[in-house]
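Trainee: I have a structure to read and some questions about it. Can we go through them one by one?

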Amino acid sequence: MSDDLIPPSPSAEAYGAEEDQGEVFTIHDPFALFAEWLAKAGETEPNDPNTMALATADKHNLPNVRMVLLKEVDACGLTFYTNVESAKGEEIAANPQAAACFHWKTIRRQVRFRGRVERVSDEEADAYFATRARNAQLGARASAQSRPMESREALEREIERLDRAYDGADVPRPDHWSGYRLTPIEIEFWVNRPFRLHDRLVYWRETPEADWQSERVYP
Ligand SMILES: Cc1cc2nc3c(=O)[nH]c(=O)nc-3n(C[C@H](O)[C@H](O)[C@H](O)COP(=O)(O)O)c2cc1C
């Protein structure tokens, strides 16, 4: 593959010419700081500022990564929803730890999280599932996410069948679809500053019950 596909580095004049955001670590609680950054990203990102790369590792410790949507964040952690029989679901079952990374190009910031992952309660998953569009509910029931699919038509036929089966009724959450919560023991904030002299602030705690500690690290 040609390296013509890689955009050229900025010229010496352009390099580091982006606006200096100055000091942005203005809040001392990491969840509150994350909430502030997510809200700021929401003002400028063209879509889905709540998208995060979710990294897991399989039973051979081979890493895997994919994007998922953050659906809730609070002091307990980050919640996302998926098929629990998918590749990620199997990986979390084998190794209930994950990392998540947000990158917002428009504000040139990144935040990453590491910690243990647990299933949310059935009640919590039911409540969220009930808020989804009916077509998304049918899709969640019909999709054997990450497993081989005979054809696109097979999936569409199954959705039509389920649509008829639940005609006039609520679509129940299938057992294979639920949420996971990543409870971080480490959160790192990164902000672009000129000439690659970026600012990084790392929060960590020994356990989810312990107090956060923090330190800056070199870019
Ligand atoms: C922007 C974006 C958001 C996504 N959000 C989700 C999500 O919230 N849940 C999900 O299961 N898949 C989501 N996906 C699809 C996943 O990236 C992935 O294809 C799917 O979950 C299967 O991953 P797995 O085979 O590693 O389990 C999203 C993809 C993109 C590009």
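Trainee: Which residues surround the ligand?

Mentor: Keep in mind that this is a predicted model. The shell includes Thr51, Arg66, Met67, Val68, Leu69 and Tyr81. It also includes Thr82, Ser86, Ala87, Lys88, Gln145 and Ser146.

Trainee: How many residues of the shell are charged?

Mentor: Sort the shell by residue type. Five residues are nonpolar and five are polar. The charged ones number two.

Trainee: How far is the polar side-chain atom of Ser146 from an oxygen atom of the ligand?

Mentor: Look at the polar atoms around the ligand. A polar backbone atom of Met67 is 2.7 Å from a ligand oxygen. For an N or O atom in the side chain of Ser86, the distance to a ligand oxygen is 3.3 Å. For the polar side-chain atom of Ser146, the distance is 2.6 Å.

Trainee: What percentage of the ligand's area does the protein bury?

Mentor: Start with the ligand taken alone. It then exposes 610 Å². Of that area, the protein buries 63%.

Trainee: Is Ser86 buried or exposed?

Mentor: First place the residue: Ser86 lies in the loop between strand 4 and helix 2. Its relative accessibility is 0%. Buried means under 20%. Therefore Ser86 counts as buried.

Trainee: Which backbone oxygen lies 2.6 Å from a polar atom of the side chain of Ser86?

Mentor: Separate the contacts of Ser86 by type. Leaving out residues up to four places away in sequence, Ser86 touches Gln145, Ser146 and Arg147. The backbone oxygen at 2.6 Å from its polar side-chain atom belongs to Asn83.

Trainee: Which residue stands opposite Asn83 in strand 7?

Mentor: Strand 4 and strand 7 run antiparallel. Six bridges join them. The residue opposite Asn83 in strand 7 is Trp177.

Trainee: Why does Thr56 count as buried?

Mentor: Thr56 is found in strand 1, residues 51–57. The cut-off for buried is under 20% relative accessible area. Thr56 counts as buried because its relative accessibility is 4%.

Trainee: Which side chain makes a polar contact with the side chain of Thr56?

Mentor: Begin with what Thr56 touches, leaving out residues up to four places away in sequence. Among them are Leu62, Pro63, Arg66, Glu91 and Ile92. The polar contact spans 2.6 Å, and the partner side chain is that of Glu91.

Trainee: How far apart are the C-alpha atoms of Met52 and Val120?

Mentor: Met52 lies in strand 1. It counts as buried, at 0% relative accessibility. Beyond four places in sequence, Met52 touches residues including Arg66, Met67, Phe80 and Cys101. Met52 and Val120 are 68 residues apart along the chain, and their C-alpha atoms are separated by 18 Å.

Trainee: Which residue in the hairpin of strand 5 and strand 6 takes a positive phi?

Mentor: Strand 5 (residues 97–104) and strand 6 (residues 109–119) pair in the antiparallel sense, over eight bridges. One of the bridge pairs links Ala99 to Arg114 in strand 6. The hairpin has four residues between the strands. The residue with a positive phi, near 50 degrees, is Arg108.

Trainee: What is the bridge partner of Phe113 in strand 7?

Mentor: Strand 6 also pairs with strand 7 (residues 177–191) in the antiparallel sense, over eleven bridges. Val111 has Phe189 as its bridge partner in strand 7. For Phe113, the partner in strand 7 is Ile187.

Trainee: How many residues of strand 7 are buried?

Mentor: Strand 7 has 15 residues. The strand is mostly covered. The buried residues number 13.

Note on methods. Residues numbered from 1 in each chain as written. Predicted model: local features only at pLDDT ≥ 70, side-chain atom pairs only at ≥ 80, totals over all residues. Heavy atoms only, no water. Near = heavy atom within 4 Å. Polar contact = N/O pair within 3.5 Å; in protein donor to acceptor, adjacent residues only side chain to side chain. Areas by Shrake-Rupley, 256 points an atom, 1.4 Å probe, with all protein chains shown as cover. Nonpolar A, V, L, I, M, F, W, Y, C, P; charged D, E, K, R; others polar. Helix = DSSP H or I, 4+ residues; strand = E, 2+ residues; numbered from the N terminus. Buried < 20%, exposed > 50% of the residue type's maximum accessible area, 1.4 Å probe, protein only. Contact = heavy atoms within 4.5 Å. Pairing = 2+ DSSP bridges.
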